[in-house]
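Visitor: I would like to learn how to read the features of a model. Please take me through one, case by case.

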Amino acid sequence: MTAFKSDFLNVLQSRGMIHQISDPEALDAACAKGPVTAYVGYDATATSLHIGNLISVTMLHWFQETGHRPITLMGGGTSMVGDPSFRDDQRQLLTQETIGSNIEGIKKIFGKMLNYGDAPTDALMVNNADWLLKLNYVEFLRDVGRHFSVNRMLAFDSVKLRLDRDQSLSFLEFNYMIMQGYDFVELNRRYGCTLQMGGSDQWGNILNGVDLSHRTGGPQLYALTTPLLTTASGAKMGKTAKGAVWLNGDLFSPYDFWQYFRNTEDDDVGKFLKIFTRLPLDEIARLEKLGGAEINEAKKILATEATAIVHGREAANAANETARQTFEEGSIAQSLPTIDIPQSELAAGIGVLGIFVTAGFVASNGEARRQIKGGGLRVNDTPVTDEKMLLTPALLTPEGVIKLSLGKKKHILLRPA
C-alpha cells in the first residue's frame with residue numbers, strides 16, 4: 001500500500017476507492033500542497049443518477065472535505081453524442097429539451113453531498129454545452145482533432161471490445177472521446193482544473209485529456225479512477241428486479257434504497273461501509289468483525305447511513321423503522337412502498353400474476369408462475385398457490401390495503417384509489 005502525503009489520496013486509498021492514477025507521486029504532491037481543482041463528468045442520459053455514479057460523487061465529497069475544489073460537469077453537449085464505452089450498441093440520440101430536463105433531475109443529488117458557493121473550495125456546477133455547442137467544426141478538427149491518433153483510440157478497451165464483436169462504432173460516437181478530452185483542457189483553461197476522476201471504464205477517455213494538454217503546450221493534468229464495483233458473487237452492482245437503483249426518490253424510493261443495502265452480501269459489508277458511508281474506519285473495522293446473526297446489525301447500519309447520505313437522515317430512519325415493524329413485529333407498516341389501484345379494477349378482480357409484474361417483483365408472468373411453485377409469492381403474508389387467483393376487495397386488510405411480498409424481504413402495498 002502506497003504511503004501518500006496528501007489527505008485526499010490517503011482517504012481514498014483507505015476506503016478502497018483507487019484503481020489507477022496517471023502520475024501518483026506528482027498528483028500526491030499537488031494535493032498535499034493544495035488546493036487542487038478536479039472534476040467528474042455526468043452525461044444526462046436519464047432523469048437521475050444511479051448507484052454507480054454515487055461512487056464518483058463520494059470521491060468529490062472527500063475531495064472537498066480534504067480542502068480542494070470539486071466541479072460537477074453536466075454533459076449538456078456530450079449527451080448529444082453519447083459515450084460508447086463498453087456498450088454493445090449506439091445510445092439513443094437525445095434532444096436538447098430532453099437533455100435539459102434530465103440535467104434538472106440529476107442536479108438534485110449534488111446539493112446533498114457537496115457545498116456549492118463562491119469560497120475557494122466551494123463546488124462549481126458547469127455545463128459543457130457552454131463551449132461544445134459553440135465550436136466551429138473545421139477549426140476544432142484543425143486545432144484539436146489533429147492531436148488524436150486513430151491507432152491509439154482503436155487500442156482502447158472500450159473501443160476494441162466493440163469492434164472485436166463485429167459491432168459497428170459510428171463516427172458520431174468516435175468523436176465522443178475527443179470531446180471529453182477537450183472538456184478537460186477547457187476546464188483547465190477556465191477554472192484551473194488539473195484532475196479528472198471517474199470509473200475505471202473512463203480511463204482511456206480521461207487520458208485523452210491529459211495527452212491533449214501535453215500536446216497543446218498546456219500544464220500537467222492528472223487522471224484518477226475508481227475500481228468497477230461488483231458484489232462478492234461477481235455481479236455488477238446496481239441492478240434489481242425493479243431495474244436500476246436510482247438516486248432520486250421518485251424513481252427508487254428511500255425504503256427500496258434502504259432495502260437494497262440491507263440485502264448486501266455478507267462479504268461485501270466492510271467494502272460497502274467504506275465506500276458508501278462516512279463512518280470512521282475504526283468503527284467500520286469493528287462492524288466487519290461481526291459474524292453470524294450479528295452481521296445483520298452491520299447491514300442495517302450500512303443501509304441507514306447510505307440512505308441518510310442520499311435521502312436525508314429522516315428518510316433513512318423512517319425506512320429503518322418501516323423495516324423493523326414489517327420484519328420484527330410482523331405488522332403492516334403504512335410507510336411501505338405503495339401502488340394505487342382504481343377501486344373499479346379491484347372490484348372486477350386483478351390477476352395475481354400481472355400485479356406482481358406491475359409491482360416490479362418479477363419480470364414476467366412466467367417468472368411469477370415459477371415463484372408461485374417455489375412458494376415465493378405471498379398476499380397478506382399467505383403463500384399464493386393458485387396462479388389464477390384474483391385480488392378483490394375481500395382481501396383488503398383492516399388498514400385498507402393488500403400486502404404483496406416476494407420472499408421475506410420485499411414488500412409493497414396495494415391501496416385502492
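Visitor: Is Asn-380 buried, partly exposed or exposed?

Guide: Buried means under 20% relative accessible area, exposed over 50%, and partly exposed in between (1.4 Å probe, protein chains only). Asn-380 counts as partly exposed because its relative accessibility is 23%. It is found in the loop between strand E11 (377–379) and strand E12 (382–383). Helices (H or I, at least four residues) and strands (E, at least two) are DSSP runs, numbered from the N terminus.

Visitor: What should I know about the source?

Guide: This is a predicted model: local features need pLDDT of at least 70, side-chain atom pairs count only at pLDDT 80 or more, and totals for chains, interfaces and linings use all residues. Residues are numbered from 1 along each chain as its sequence is written, and side-chain values use heavy atoms, with hydrogens and water left out.

Visitor: What is there to see in the backbone of Asn-380?

Guide: Most residues other than glycine have a negative phi, and most peptide bonds are trans. Asn-380 is not a glycine, yet has a positive phi of about 55 degrees. Asp-381 has a positive phi too, of about 70 degrees, and is not a glycine. Asp-381 lies in the loop between E11 and E12.

Visitor: Which peptide bond is cis?

Guide: The bond from Gly-34 to Pro-35 is cis, with omega near -15 degrees. Pro-35 sits in the loop between helix H2 (24–33) and strand E2 (37–43).

Visitor: Back to Asp-381. Which residue forms a salt bridge with Asp-381?

Guide: A salt bridge is a side-chain nitrogen of Lys or Arg within 4 Å of a carboxyl oxygen of Asp or Glu. Lys-403 pairs with Asp-381, the closest N and O atoms being 3.2 Å apart. Lys-403 lies in strand E14 (residues 402–406) and Asp-381 in the loop between E11 and E12, so the pair ties together parts that are 22 residues apart in sequence. Lys-403 is buried, at 1% relative accessibility. Asp-381 is partly exposed, at 38%.

Visitor: How many salt bridges does the whole structure have?

Guide: A search finds eleven. One of them joins Glu-186 and Arg-189, with the closest N and O atoms 2.5 Å apart.

Visitor: Why are Glu-186 and Arg-189 separated by about one helical turn?

Guide: Because they are three residues apart in helix H10 (residues 176–191). Glu-186 is buried, at 6% relative accessibility. Arg-189 is exposed, at 59%. Glu-186, Arg-189 and Arg-190 are linked in a network of salt bridges.

Visitor: Which residue does Glu-305 bridge to?

Guide: Glu-305 bridges to Arg-313, the closest N and O atoms being 3.0 Å apart. Arg-313 is partly exposed, with a relative accessible area of 40%.

Visitor: Now the helices. How do I describe a packed pair?

Guide: Two packed helices are described by the angle between their axes and the distance between the axes. Axes are lines fitted to C-alpha atoms, for helices over the stretch in contact, and angles run from 0 to 180 degrees between N-to-C directions. Take helix H1 (residues 7–14) and helix H3 (residues 51–65): their axes come within 9 Å and cross at roughly 140 degrees. Phe-8, Val-11 and Leu-12 of H1 meet Met-59, Trp-62 and Phe-63 of H3. Contact means heavy atoms within 4.5 Å.

Visitor: Which residues have the most contacts inside the largest nonpolar core?

Guide: A nonpolar core is a set of buried Ala, Val, Leu, Ile, Met, Phe, Trp, Tyr and Cys residues joined through side-chain atoms within 4.5 Å. The largest has 68 residues, and Met-197, Leu-224, Phe-257, Phe-261 and Phe-276 have the most contacts inside it. H3 gives the most to this core, with eight residues. Apart from this core lies another, of 30 residues, including Trp-131 and Phe-148.

Visitor: Where is Phe-257 found?

Guide: Phe-257 is in helix H12 (residues 254–262). Its relative accessible area is 0%, so Phe-257 is buried. Leaving aside neighbours within four places in sequence, Phe-257 contacts residues including Ile-51, Leu-54, Val-245 and Trp-246. The C-alpha atoms of Phe-257 and Val-245 are separated by 7.2 Å, and the two are twelve residues apart along the chain.
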